[in-house]
Amino acid sequence: MLEAEATTVEEVIKVIVDKVCSTHQLTADQKNQMMEVMSCPHRHLYEVQKSAPLLMSEKSRNSSAKNLTESRSKVGLTLPSVPSMTNATNAAKGNSPFMKKIPPGAEVNNVLVGEVDFLEVPVTAFVRLSKATILGDFAEVPLPSRFFFLLLGPKGQLDDYREVGRVVATLMSDEVFNAVAYRAKNRDHLLAGIDEFMDAVTILPPGEWDPSIRIEPPNNVPSQEPRKNPDKLPEEKEDPALEELKILESQGLVRTGRFFGGLIDDVKRKLPFYKSDFTDAFAVQSIASITFLYFASLSPIITFGGLLGDATENRLAALESLCAGCICGIIYSLFAGQPLALLNATGPVLVFEGILYSFCSKNGYDYLSLRAWVGVWMGVFMITLCAFEISAWVAFITRFTEENFALLIATIYVYKAIEKIIYIGIEYPLFPPEPKVNATDCYCYPSNDTLSYAQGEMGPYNWTGLPTNSCTEMWNGTLMGEDCFPKQWYPNVFLMSILLSVFTYSVCVTLKGMKHTLYFPYKVRCMISDFAVFIAICSMTGLDFYAGVQTPKLYVPSDFKPTWSGRGWIINPIHPDNPWWIIPGAMLPAALATILLFLDQQITAVIVNRKENKLKKGCGYHLDLFVLAILTALMGLMGLPWHVAGTVICINHVNSLKQESETAAPGEKPVFLGVREQRVTHLVIFLLVGLSVFMTPILKFIPMPVLYGVFLYMGTAPLSEMHFFDRLRIVFMPAKYQPDFNYLRKVPLKRVHMYTAIQLVCFAVLWVVKTNETISISFPLMLVIMIFIRKALDFVFTREELHVLDSVIPPFRRSKNPPQVESGTKSIVNGKGQSYSALPKNSSKVNISDEVARSGAWLHVNHSKSTFQDGTEMTSYRKKDYGDSKASDDENEPLTFLSGTKRIQIQPGTKHNQ
């Protein structure tokens, strides 16, 4: 019975029983007994015990205990004695854990099955209410009920009835049959929908699998479009070049031809989301991201500052690096186009600073003044690049180049973490060093006055074996040499450092994967996963403090003042030691540094903005470069290190903010929804970096091996999402054990290995250039060469292969008249003779009535042809013979579609009605 009118439990029971009686399935006596059975209270499926003989999915209205006993004795049922719960308070409880997994807007399909002793043959009924209604505690969850399926039969076949109930529940969970059930006009429509479902179902042989085990659901559910439109011809695939062009246009990587046109478009694109960039950050996940990335940013900044201090004789050191990180991070987080990209100091910048300082030292120029002009010219060059939309060239950086770069930086993180741990073993050996028998490397250098008084000639005294304080007391001198102050040896430092690093890495990996385990509720698992790194740092710091081993600790400068006493916080660009031509001469090193920062920044931005991350607020390559230009000039004038987007730290920032669906059906895997796009985490992280100077009493307890373990985790975490790394692992796998990747389906395996080998050679070249201090300054140029190598692969692989393995790289010279997307669905031929199907301009406007009427489900529920106003025909399968049972009035109602302004009616049993 379809479109039944019922708003209460009593009305629903009466409708169902009347429907069964109208089909002559029950006698008058059996009707009364059926009413009593339907009125009996029962347990829901989640409440029922194994011994209960009756399984139903809803509970009836309230009934007294006396009536319950009488009804059981009359119909011969053994029902569990349960008090009814018709009040709203108890009904609201229901199956609360299951309720959390149901998406909003869902309606209930009630499946009632059971066995009785007054029936000789099974009785079935399927009812759809005209309007969904909440029926108290009738359903398992407090949601509106729309469908009811009843199956009662004689005793002895309860297991079969249960299986039928499961089949009906499975049918209603199917996307296509669910639509048929909502729109069907008679029984024939439902039967045709069942036939279609049986045609599409997959059969598992009973001897090939165990029905008692659960089959894991797929990661991606297949599309049901072929079932909805079985007679629809496959559309011609769109040209990959046009597809890439659309993506580039959405990301602002197609030049507008206007001065600062790209920057203006970026501002227009990002401005509507500026308020939500702050409001979207109010989540526990943001706090977890801040705690993780704060320590991940602080240690590299301090380490970089220490190396920079050695290269520049403390003109730039750890405190200057902290200040630069704080200022750049705050400004960039507030005004940049992509605040998910965290700024950091990079290795090539360190090499550049060392070369520039060496040049100034050899020629007697003031380093900070020259560096100020270099920073100003870098800002001018970047603004010029922004004005002429050079950031659009980022379109040439495909997955081939970005994954080479990302894997290189990740490998360096892993390599440096292991190298630092090994260095601890050199500084703190396992065994105490043997004392020198003839120690001679210790001399006292007295001042000129005391030396002339004592000896009358210049020269240091050999102070080996003498008290160290007597050099100062007797000669007012200074001790110099390794033997003067032998280094104190601490036991177990190296061993404890290894344990702390390994344990930190293990805890990070284990707790981060907690989200996908079976332990604890989902929210608890998510909380543990989000705070995995913070938990690891705190727990390992506590372990180190409890052990009492003298492991090296994190050093943070405690005095807020320039490291070198000869400088201030603002640099004078006009220095008397520098000639006038230094100002234009600074353009040459500035041009090289601009290329370095431009490529580092934009490649990292491409990785952050890749389509797999499902970003919804758009990109801002031109705006990012403009803000970076202002910061670069400002850092030059303040004498602070230059910062640029760091690849690995940005990838970990994005990963820490990924969101998954919280409501999922039992057994269904969570769906990746996107990334929490906001500015607050970036802002707070670098605000804390600047305040670290005042948190030295707390930070000094954190062991460096713990942070090295975090670096090891940061280097390995992005590998699981890199296609390049997956293809490297596939090389060592037999074909039958290889994962079901999309490119393995569409590209021959040998071609995949060939592409991987070329990429691996390029990676090796980048590694040699990056790790060699002599030539590492040319690393940005090598990235440009990678782009040309990728372009050369167009002559080695087909376009389809590259589209699957990488992406289509746009031509270096664009056509003046690129192919336009025209209205209609006609074929367009590109310059190479390849055709593609153009999409309509107004593709978002779809006639829902026409599309529903064309679906395969409707083609199966009718056997006639109907012509729509656009000239297309709807053809259905013939109705199967289901016997000569008499059709009721609602079964003879026509199936009506709305096509534009025309109403089309299809009468069961006729060929065509209009």
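Predicted model: local features only at pLDDT ≥ 70, side-chain atom pairs only at ≥ 80, totals over all residues.
Residues are numbered from 1 along each chain as its sequence is written, and side-chain values use heavy atoms, with hydrogens and water left out.

A cavity here is a set of points on a 1 Å grid over the protein atoms alone where a 1.4 Å probe fits but cannot get out, and lining residues have an atom within 4 Å of a point. Helices are DSSP runs of H or I, at least four residues, strands are runs of E, at least two, and both are numbered from the N terminus.

How many cavities of 30 Å³ or more are there? The count comes to 5. At least two lining residues come from each of α17, α24 (587-608) and α26 (647-656). By class, the lining has 8 nonpolar residues, 2 polar and 3 charged. Nonpolar means Ala, Val, Leu, Ile, Met, Phe, Trp, Tyr, Cys and Pro; charged means Asp, Glu, Lys and Arg; the others, Gly among them, are polar.

Now the chain as a whole. It has 36 helices and 16 strands. Of its 914 residues, 47% are buried, meaning under 20% relative accessible area with a 1.4 Å probe, protein chains only. Among contacts (heavy atoms within 4.5 Å) with a separation of 6 or more, 75% join residues 24 or more positions apart.

Next, the cores. A nonpolar core is a set of buried Ala, Val, Leu, Ile, Met, Phe, Trp, Tyr and Cys residues joined through side-chain atoms within 4.5 Å. The largest has 148 residues, and L554 and M714 touch the most other members. Helix α17 (residues 399-427) contributes its largest share, 12 residues. Beyond four places in sequence, M714 touches F292, A296, Y413, V648, I649 and N652. A second, separate core has 27 residues, including V12, L26, M34 and L150.

Two single residues are worth a look. S497 sits in helix α20 (residues 493-512) and is buried, at 0% relative accessible area. Its contacts, leaving aside neighbours within four places in sequence, are I424, T551, P552 and P705.

C386, in helix α16, is also buried at a relative accessible area of 0%. Which residues does C386 touch, not counting those up to four places away in sequence? They are F260, L263, H622, L625 and F626. C386 and H622 are 236 residues apart in sequence, yet 5.7 Å apart in space, C-alpha to C-alpha.

Last, helix α15 (residues 347-363). Its 17 residues reach 25 Å from first C-alpha to last, close to the expected 24 Å, which is 1.5 Å times one less than the number of residues. Its buried residues include the run from P348 through G354, and also L356, Y357 and C360. They pack against α13 (284-312), α16 (367-387), α24, α32 (749-771) and α33 (779-792). Just after α15, G364 takes a positive phi of about 75°.

Conventions: Buried < 20%, exposed > 50% of the residue type's maximum accessible area, 1.4 Å probe, protein only. 1 Å grid on protein atoms, 1.4 Å probe; cavity = no way out; pocket = protein on both sides within 12 Å on 5 of 7 lines; lining within 4 Å. Points joined across faces, edges and corners; volume = space filled by probe spheres on them.
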